[in-house]
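A guide answers, one question at a time.

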Amino acid sequence: MASTISPAAAAALASIATPTTLVGQHQLYTRIRLATPADVPHIHKLFYQMAVFQNDTHLFTATESSIASTLFNSPPFQSFTVFILEVSSNPFKNIHSPAFLPIERTVPVDHVAADPEAETFKSSVANEDGDDNVTVAGFVLFVPSYTTFAGKPGFHVEDLLVRECYRRKGFGKMLLSAVAEQAVKMGFKRVEWSVLEWNVNAIKFYEEMGAKVLTEWRVCRLTGDALEAYGDANY
C-alpha cells in the first residue's frame, strides 16, 4: 500500500510533532540530524534491524562498504538523505551542520527504558564533539520524487525505523514530521511512502497523522535476474 500526505497536512504535522513541556515525568532529550559518513556502521545495523522487522533477512546483502560508497555522493535533499534520531539523558552539545539545523525536543516519558545495545549504538558523531552520552535510536531514509500532475517535486520515504526499546514514544512521528517539515520548507508537493498490508498498527498511525492510504496502488519491482536481463539491451 502507498501512503501520501499533502503540504497542508505536512505543515500541520510539523508544528505538533512532539510536546516539549514536562510535568513531573522523566525527560529524554532527542535530536534529529543529518547522517554523515561517520554514521555508516550504525546505519548498517539499523538497515539490518529493518530487515529483521520485515522478516526479510534472507534478502539483506548491504555492507558498510556498499552504504558508504552510495549514500553520500550528493548534497542533502538532492538524492538519498538520511536523518538520524539520537537520544540522551542530558542536553545536547551543538554540532556544526550548515545544510540542516538539527531538530531538538525534550520528551516526557514515564520511565527511561533500558537499552541493551546502548554501547553498540553510541553516537560517533556526537562523541567527536565531546558528547559521549548520546545513543542512535532510529533513522529515516528518503529521496526526491516528482508528481507529473502537479509539476512539482516531493519526497519518497524509503524506510523508517525506531529501535525496539524506543518505540511507542512518538519518535516515529518525529522522524516523519522532520521529512514533512523539510518538504514544506522546499515548496514540495507531497511526501509519500509504502506500508506493508499486515502492519495494521502502522496503517492506523499513518491515517491518524493525516496520510491517505492508497489501496488501489501496487508496488512493481524489477530486481535480480529479471533486472539483469535488460543489460543485454535485446528487448
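This is a predicted model: local features need pLDDT of at least 70, side-chain atom pairs count only at pLDDT 80 or more; totals for chains, interfaces and linings use all residues.

Visitor: How many helices and strands does the chain have?
Guide: Helices (H or I, at least four residues) and strands (E, at least two) are DSSP runs, numbered from the N terminus. By that rule the chain comes to seven helices and eight strands.

Visitor: What percentage of the residues in the chain is buried?
Guide: Buried means under 20% relative accessible area, exposed means over 50%, and partly exposed lies in between (1.4 Å probe, protein chains only). The chain has 235 residues, and the buried share of them is 41%.

Visitor: Which percentage of contacts joins residues at least 24 apart?
Guide: Contact means heavy atoms within 4.5 Å. Take the contacts between residues at least 6 apart in sequence. Of these, the share that joins residues at least 24 apart is 78%.

Visitor: What should helix α5 span, and how far apart are its end C-alpha atoms?
Guide: Helix α5 holds 15 residues, 171-185. The expected span is 1.5 Å times one less than the number of residues. That gives 21 Å, and the end C-alpha atoms agree, at 21 Å apart.

Visitor: Is α5 largely enclosed or largely open?
Guide: Look at its buried residues, among them Phe 171, Leu 175, Ala 178 and Val 179. In total, 11 of the 15 residues are buried, so α5 is largely enclosed by the rest of the structure.

Visitor: Which residues touch the most other members of the largest nonpolar core?
Guide: A nonpolar core is a set of buried Ala, Val, Leu, Ile, Met, Phe, Trp, Tyr and Cys residues joined through side-chain atoms within 4.5 Å. The largest one has 36 residues, and those that touch the most other members are Phe 83 and Phe 171.

Visitor: Which element gives the largest share of this core?
Guide: Several elements supply at least two residues each, including β2 (26-34), β3 (81-88) and α6 (200-208). The largest share is seven residues, and it comes from α5.

Visitor: What is the volume of the largest pocket?
Guide: The search uses a 1 Å grid over the protein atoms alone. A pocket is an open set of points where a 1.4 Å probe fits, with protein on both sides within 12 Å along at least five of seven lines; lining residues have an atom within 4 Å of a point. Points are joined across faces, edges and corners, and a volume is the space filled by probe spheres set on the points. For the largest pocket that comes to about 2100 Å³.

Visitor: Which element gives the largest share of its lining?
Guide: The lining has 50 residues, and Met 50, Gln 54, Glu 158, Asp 159 and Leu 160 lie nearest the pocket centre. The largest share is seven residues, from β6.

Visitor: What is the phi of Asn 55, and is this residue buried or exposed?
Guide: Most residues other than glycine have a negative phi. Asn 55 is in the loop between α2 and α3, and its phi is positive, about 60 degrees. At 59% relative accessibility, Asn 55 counts as exposed.

Visitor: Is Phe 77 buried or exposed?
Guide: Phe 77 is not a glycine, yet its phi is positive, about 75 degrees. The residue is found in the loop between α3 and β3. Its relative accessibility is 8%, so Phe 77 counts as buried.

Visitor: How many disulfides does the structure hold?
Guide: A disulfide is a pair of cysteine sulfur atoms within 2.5 Å. Cys 165 is buried, at 17% relative accessibility, whereas Cys 220 is exposed, at 75%. The number of disulfides is zero.

Technical notes
Residues are numbered from 1 along each chain as its sequence is written. Side-chain values use heavy atoms; hydrogens and water are left out.
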